[in-house]
Amino acid sequence: MRDAPAAEWLDLLDRQAGIVTRVQVMSYGLNDKAVDWRVRSARWRALHRGVYATFSGVPGRDAELWAAVLCAGAGPALSHHTAAELAGLADGPSSVIHITVPHDRHPEPIRGALVHRSDRIAQATHPAQLPPRTRVEETVIDLTQISASRDDACAWLSRAVGRRLTTAMRLQSALDGRPKVRWRAELGGILADIAAGVHSLLEHRYIRDVERAHGLPTATRQVKTVLGSRSRYVDNLYAKARLVVELDGQIAHAAHTRWDDVHRDNAHATIGILTLRYNWSDVTLRPCSVAQEIARVLERRRVRVRLRRCGPGCTIATPATRTS
């Protein structure tokens, strides 16, 4: 490219993973004929209309993303699952590339991409990261809005904070900035729980469906216990009753992890702390039974419990006030 400033051209190629648009190329001195020759001779590859890979090999993921963004025209940003992929929020690439463009733009269909439109994409886009993508907080809220269920939506919030990609306060701010949000109250509720120390969707379901729904006392979350030289964290501690409730969302544990849990429970038992453990099925399928079991243990340990029914279908045996 004889007429182009070499350093600027190389910087552009490096920044955009070797992907350029026809308009960009023209600004560096090539004409249509020169571009078409490079494509016909297989030196370059046409990835989309007016978008080219300046190499002949198979484009990598960065090149694919840049090609989709450049094809979308002015003001786009990678969003939803694709922005989550880049942020480390998703564990792998989605089957399609998600792009959000300004609401007043209607780009042509982009092969392999799903285009969303938003009137606030400019403020939602990260100011520095390339290729352009939505901020983590905006990405998380976007994902909650396309989730199939309320639980799936809440799980994105837990994951984002659990992976230390953002904070509950920042997510709440992003939530407040949206005029229309599905499940606003529920999302705000789990953000409040996350701010108080809840780490997972299972912990949130325990608080909502077991503890609060049935009037159990409020436990302290993520409490550090120290035995000798070792410190441990427990999910829920009912300190007056010296009762720990642990929640296990994993289907299976490695043997060493399972024994770590046993050793921790045994160590707590030496100082009079009892541990009850529940899994996802316990909390989501039989919350009433779990609540009654915990209430009975609390009462035996001289903690007053005003157990109540969570609704018409509640299965607790004795909804009346009970004391020990």
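Strands β9 and β10 run parallel and are joined by 6 bridges. Within this pairing, Val244 stands opposite Thr275 of β10. In the predicted model described here, the two strands belong to an open sheet of 4 strands, in which the order is β7-β8-β9-β10 and the pairing is mixed. The edges of the sheet are formed by β7 (220–227) and β10, each of which has a single partner strand, so that one side of each is left without a neighbour in the sheet. From one strand to the next, the twist averages 50°.

Two helices lie across this sheet. Helix α11 lies across β7, β8 (230–238), β9 and β10 and runs at about 125° to β9, whereas α14 lies across β8, β9 and β10 and runs at about 180° to β10.

Apart from neighbours within four places in sequence, Asp151 is in contact with Leu201, Arg205, Arg208 and Trp280.

With regard to the cysteines, the structure holds 0 disulfides. The cysteine sulfur closest to that of Cys288 is in Cys314, at 3.6 Å, which is too far for a bond because a disulfide requires the two sulfur atoms to be within 2.5 Å. Likewise, the sulfur of Cys310 has its closest cysteine sulfur in Cys288, at 3.7 Å, again too far for a bond. Cys288 is buried, at 9% relative accessibility, while Cys310 is partly exposed, with a relative accessible area of 40%.

Several features of the backbone call for separate description. Most residues other than glycine have a negative phi, and most peptide bonds are trans. In the model, Leu130 and Pro131 are joined by a cis peptide bond with an omega of about -10°, and Pro131 lies in the loop between α6 (121–124) and α7 (136–145). Ala42, although not a glycine, has a positive phi of about 70°; Ala42 is found in the loop between α3 (32–40) and β2 (45–48) and is partly exposed, at 46% relative accessibility. A positive phi, near 50°, is also found for His80, which is placed in helix α5 (residues 80–87) and is buried, at 6% relative accessibility.

Side chains of opposite charge can pair when their charged atoms come close. In total, 17 salt bridges are counted. Arg22 pairs with Asp36, with the closest N and O atoms 3.0 Å apart; this pair links helix α2 (residues 22–27), which holds Arg22, to helix α3, which holds Asp36, the two residues being 14 residues apart. Both partners are partly exposed, with relative accessibilities of 22% for Arg22 and 30% for Asp36.

Glu108 and Arg49 form a further salt bridge, with an N to O distance of 3.2 Å. Because Glu108 lies in the loop between β5 (97–102) and β6 (113–118) and Arg49 in the loop between β2 and β3 (51–53), the pair ties together parts that are 59 residues apart in sequence. Glu108 is exposed at 51% relative accessibility, as is Arg49 at 68%. In the salt bridge between Asp91 and Arg163, the closest N and O atoms are 2.8 Å apart. Here Asp91 lies in the loop between α5 and β5 and Arg163 in the loop between α8 and α9 (168–176), so parts that are 72 residues apart in sequence are tied together. Asp91 is exposed, with a relative accessible area of 66%, whereas Arg163 is partly exposed, at 34%. Finally, a network of salt bridges links Arg120, Glu138, Asp142 and Arg178.

Definitions and conventions:
Residues numbered from 1 in each chain as written. Predicted model: local features only at pLDDT ≥ 70, side-chain atom pairs only at ≥ 80, totals over all residues. Heavy atoms only, no water. Contact = heavy atoms within 4.5 Å. Buried < 20%, exposed > 50% of the residue type's maximum accessible area, 1.4 Å probe, protein only. Pairing = 2+ DSSP bridges. Axes fitted to C-alpha atoms, helices over the stretch in contact; angles between N-to-C directions. Salt bridge = Lys/Arg side-chain N within 4 Å of Asp/Glu carboxyl O.
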